[in-house]
Amino acid sequence: AVLGGIGGTLGAAMRGYWPHAVIALTAACAALTLPINNSVITPLLKPLAFKAGFIKGAGNLPRRIDDVTITESAGIYDNAMNYTYRLEMDVTDLEAAKSNIKQTLAAKPECKTLTGMLNPDMHVEKLVYRYKTNSGEITVELVASDCR
């Protein structure tokens, strides 16, 4: 519509030189809409829509998930969907906890759903989960091949 309007305006200005300018320029500019949308506008809007949906899905944070887990933040940056949690429990062995968390996350049905959304066009290549504990931070990264 915008390009058609521009074509109509230009055509009205050129009416004195060319009687059919309004129709011809309006039609020509309107015809350019589809290629311009597909090659310029849509690729710009897809990542924005993806990020907006992700942020809406994360909801209000921080949010308690269960008796020991609080979601502190969620966002898309560093080519990943990032989640940060706080664990309100004593963790003595960070490596064992990391292994258990990764196995649990990879076995959840949501793992395939979330990694199925990973798309280079959106500049998202992996899921990153960070857990803050009393003993330090645990970081677990998942790509589609990690899911079971």
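Trainee: Why does Asn-82 count as buried?

Mentor: The relative accessibility of Asn-82 is 2%. Buried means under 20% relative accessible area, exposed over 50%, and partly exposed in between, computed with a 1.4 Å probe on protein chains only. A value of 2% falls under the buried limit, so Asn-82 counts as buried.

Trainee: What kind of model do these values come from?

Mentor: This is a predicted model, in which local features need pLDDT of at least 70 and side-chain atom pairs count only at pLDDT 80 or more, while totals for chains, interfaces and linings use all residues. Residues are numbered from 1 along each chain as its sequence is written, and side-chain values use heavy atoms, with hydrogens and water left out.

Trainee: Where does Asn-82 sit, and what makes its link to the side chain of Arg-130 a polar contact?

Mentor: Asn-82 is in strand E3; strands (E, at least two residues) and helices (H or I, at least four) are DSSP runs numbered from the N terminus. A polar contact is a pair of N or O atoms within 3.5 Å; within protein, one must be able to donate a hydrogen and the other to accept it, and residues adjacent in sequence count only if both atoms are side-chain atoms. The side chains of Asn-82 and Arg-130 make such a contact at 2.8 Å. The Asn-82 side chain also reaches the backbone oxygen of Ala-80, at 3.0 Å.

Trainee: Why is E3 described as largely enclosed by the rest of the structure?

Mentor: Seven of the eight residues of E3 are buried, so the description follows from that count.

Trainee: How do you know that E3 pairs with E2 and with E4?

Mentor: Two strands pair if DSSP finds at least two bridges between them. E2 (residues 69-77) and E3 have eight bridges, in the antiparallel sense. Ser-73 has Thr-84 of E3 as its bridge partner, and Ile-70 stands opposite Arg-86 in E3. E2 and E3 form a hairpin with two residues between them, and Asp-78 in the turn has a positive phi of about 50°. E3 and E4 have seven bridges, in the parallel sense; Ala-80 stands opposite Lys-126 in E4.

Trainee: How many bridges join E1 and E2?

Mentor: E1 (residues 63-64) and E2 pair in the antiparallel sense over two bridges. The bridge partner of Arg-63 is Thr-71 in E2. E1 and E2 form a hairpin with four residues between them.

Trainee: What makes Tyr-83 and Tyr-85 a stacked aromatic pair?

Mentor: The structure holds four aromatic pairs. Their rings are 6.5 Å apart centre to centre, with 15° between the planes, in the case of Tyr-83 and Tyr-85. Rings of Phe, Tyr and Trp (its six-membered ring) pair if their centres lie within 6.5 Å; planes under 30 degrees apart count as stacked, over 60 as edge-to-face and the rest as tilted. Tyr-85 and Tyr-131 are stacked too, at 5.0 Å and 20°. Tyr-85 lies in E3 (residues 80-87) and Tyr-131 in E4 (residues 126-133), so this pair ties together parts that are 46 residues apart in sequence. Tyr-83, Tyr-85, Tyr-129 and Tyr-131 form one aromatic cluster.

Trainee: Why does Thr-133 count as buried, and which residues is it in contact with?

Mentor: Thr-133, in strand E4, has 14% relative accessibility and therefore counts as buried. Contact means heavy atoms within 4.5 Å. Leaving aside neighbours within four places in sequence, Thr-133 is in contact with Leu-87, Val-91, Leu-94 and Ile-138. Its side chain reaches the backbone nitrogen of Ser-135 at 3.1 Å and the backbone oxygen of Gly-136 at 2.6 Å.

Trainee: How do you know that the span of helix H4 agrees with its number of residues?

Mentor: The expected span is 1.5 Å times one less than the number of residues. For the 14 residues of H4 (residues 94-107) that gives 20 Å, and the end C-alpha atoms are 20 Å apart, which agrees.

Trainee: Why are the buried residues of H4 said to line one face?

Mentor: Ala-97, Ile-101, Leu-105 and Ala-106 are buried in H4. Seen down the helix axis, the buried residues fall within an arc of 155°, so they line one face. The arc is that of the directions from the helix axis to the C-beta atoms.

Trainee: Which residue caps the N-terminal end of H4?

Mentor: Asp-93 does, with a side-chain oxygen 3.2 Å from the backbone nitrogen of Glu-95.
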